[in-house]
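Subject: Structure handover

Hello,

Here is the structure I promised to pass on. Please open it alongside this email.

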Amino acid sequence: MTKGFGMERKVFKNITVFDGFEFFKGSVEVVGTVIGRVEKNGVDIAVQSCDEVITGDYILMPGMINLHTHIPMTLFKGVSEDLPLEKWLHERIFPLEAKFISAKMCNICGMFGMAELLRSGVTTFSDMYFFEEDVALAAKEINIRAMIGEGVINFPSPAGRTPEQTIEYTEFLANKYKDDELISVCCAPHSPYLTHESYLLKLKEISDTYKIPFHIHMAESRFEVENYKASTGKTEFERFEELGLLSERFLAAHCVNLAEIELEIMSRNKVTVAHCPSSNMKLGSGIAKVARMVEMGINVAVATDGSASNNNLNLLAEAELVSKLQKVDRRDPTVFKSIDALKAVTSNAGRIAGRNLGTIKTGAPADLVLIKTDSYEMSPVYEPASALLYASSHSDIQAVFVAGKKVVENGHILTIDEENLKKEFLKFVSKVREEI
């Protein structure tokens with residue numbers, strides 16, 4: 001691709017590349033906001049008229065995609081520990097949300113979480129929360145991609161909307177952001193037990209009309225699935241298939257407590273799973289059958305969940321945990337290999353995020369992470385997939401690019417005033433501290 005007027009051209013030359021599918025030694029050209037060219041096997045890319053040439057002991061990988069977050073809940077990190085999901089949610093989180101959620105809180109605390117995402121190499125996240133336009137404003141300011149979803153529950157939300165109004169608002173958002181470079185939209189019903197079937201069906205219509213994801217918590221706790229089956233006579237995925245809710249746009253967070261028939265239903269309907277191991281472990285929900293899902297052809301992505309149930313948003317660390325957890329759960333070190341874990345935070349997640357996100361190929365968005373490989377922690381690198389997954393840390397990240405723009409360099413966010421953000425965030429923290 002030739003350089004167009006006013007478009008910056010940079011080349012990552014003769015470095016190790018993970019393109020979302022495999023590792024190879026090669027070179028990558030970025031022109032403006034997209035990948036212009038990818039070459040491997042010694043094929044060279046001319047560097048004449050380049051604005052920047054990057055070469056050396058690096059791994060270049062796609063910006064990672066975190067498919068399940070509640071990003072403003074960064075404010076509630078550590079406020080509700082050592083409790084099962086039902087008590088965690090109803091006795092601690094819901095009361096705090098009722099008191100503290102506001103448009104400004106979602107903007108400031110959301111941006112604080114986005115800074116953590118960017119520093120750890122995440123360039124796209126899918127959010128389910130409230131005041132999502134304010135989340136979108138923060139994402140555009142800090143320059144990260146966001147797939148926003150206004151949470152639909154059976155009662156008026158903290159944003160002051162009834163379920164019916166939130167559904168209308170979802171359609172408004174889908175129209176508003178349909179052509180936006182950084183912001184996309186998903187339907188975001190909370191769960192089978194907190195979102196009435198009539199609301200689910202209306203949201204499915206919006207998902208079908210606008211071709212946007214349908215993002216929902218599924219089969220998270222044993223208590224949840226047992227109550228649901230007692231009230232409906234069906235498992236969650238059995239009932240959802242009956243209702244016609246499942247499709248390749250269905251994004252199911254958690255999926256811990258599943259029957260074998262549900263795995264078959266998920267595979268048949270091309271459902272994507274957003275697996276959140278730290279959250280599931282901390283809340284005592286169990287271990288999802290991820291290795292079995294992969295065997296059945298189910299698309300598995302790895303996500304962090306919100307900070308209130310995970311306490312960090314480091315997606316690569318989460319992918320490492322999944323790989324080790326599946327090996328010990330199955331007592332089989334060959335399952336969920338390092339390359340599988342890396343796909344789960346890049347190209348697998350990109351299947352539902354769209355736009356060729358999570359990949360490095362011609363025409364894809366230039367969302368990239370440049371990782372140094374010469375640190376004490378990461379060296380020596382004999383096998384790049386395992387070195388990246390098991391040995392690297394966010395301190396090894398040299399730079400992060402979103403749509404070709406450098407947004408992180410040596411751990412510093414380049415798009416915002418970090419000190420001012422911390423100051424504004426701590427104002428909210430002091431109020432929560434007084435409350436608890």
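Below is what was found, taken topic by topic.

Confidence comes first. This is a predicted model. Mean pLDDT for the chain is 95, and 99% of its residues reach 70 or more. The exception to keep in mind is residues 1-5, where pLDDT stays under 50. For that stretch the model has 10 contacts beyond four places in sequence. Where pLDDT is low, the predicted coordinates should not be read in detail.

The volume of the largest cavity is about 60 Å³. Its lining is made up of Thr 124, Arg 145, Ala 146, Met 147, Leu 182, Ser 184, Ala 353, Arg 355 and Leu 357. Strand S8 (residues 145-152) supplies the largest share of that lining, with 3 residues. Sorted by class, the lining has 5 nonpolar, 2 polar and 2 charged residues.

Then a helix pair. Helix H12 (residues 315-330) packs against helix H15 (residues 384-391). The angle is about 105°, and the axes lie 8 Å apart. Angles of 65 to 115 degrees count as roughly perpendicular, so H12 is roughly perpendicular to H15. On the H12 side, the contact is made by Leu 316, Ala 319, Glu 320, Ser 323, Lys 324 and Lys 327. H15 contributes Leu 388, Leu 389 and Tyr 390. By class, this contact of H12 with H15 has 5 nonpolar, 1 polar and 3 charged residues.

Finally, two backbone details. Which peptide bond is cis, with omega near -5°? That bond runs from Ser 379 to Pro 380. Pro 380 sits in the loop between strand S15 (368-372) and H15, the helix that packs with H12. The other detail is Ala 219. Its phi is near 50°, a positive value in a residue other than glycine. Ala 219 is in the loop between strand S11 (214-218) and helix H6 (222-232).

Best wishes

Key:
Residues numbered from 1 in each chain as written. Predicted model: local features only at pLDDT ≥ 70, side-chain atom pairs only at ≥ 80, totals over all residues. Heavy atoms only, no water. 1 Å grid on protein atoms, 1.4 Å probe; cavity = no way out; pocket = protein on both sides within 12 Å on 5 of 7 lines; lining within 4 Å. Points joined across faces, edges and corners; volume = space filled by probe spheres on them. Helix = DSSP H or I, 4+ residues; strand = E, 2+ residues; numbered from the N terminus. Nonpolar A, V, L, I, M, F, W, Y, C, P; charged D, E, K, R; others polar. Axes fitted to C-alpha atoms, helices over the stretch in contact; angles between N-to-C directions. Parallel < 35°, antiparallel > 145°, perpendicular 65-115°, else oblique. Contact = heavy atoms within 4.5 Å. pLDDT = per-residue confidence, 0-100.
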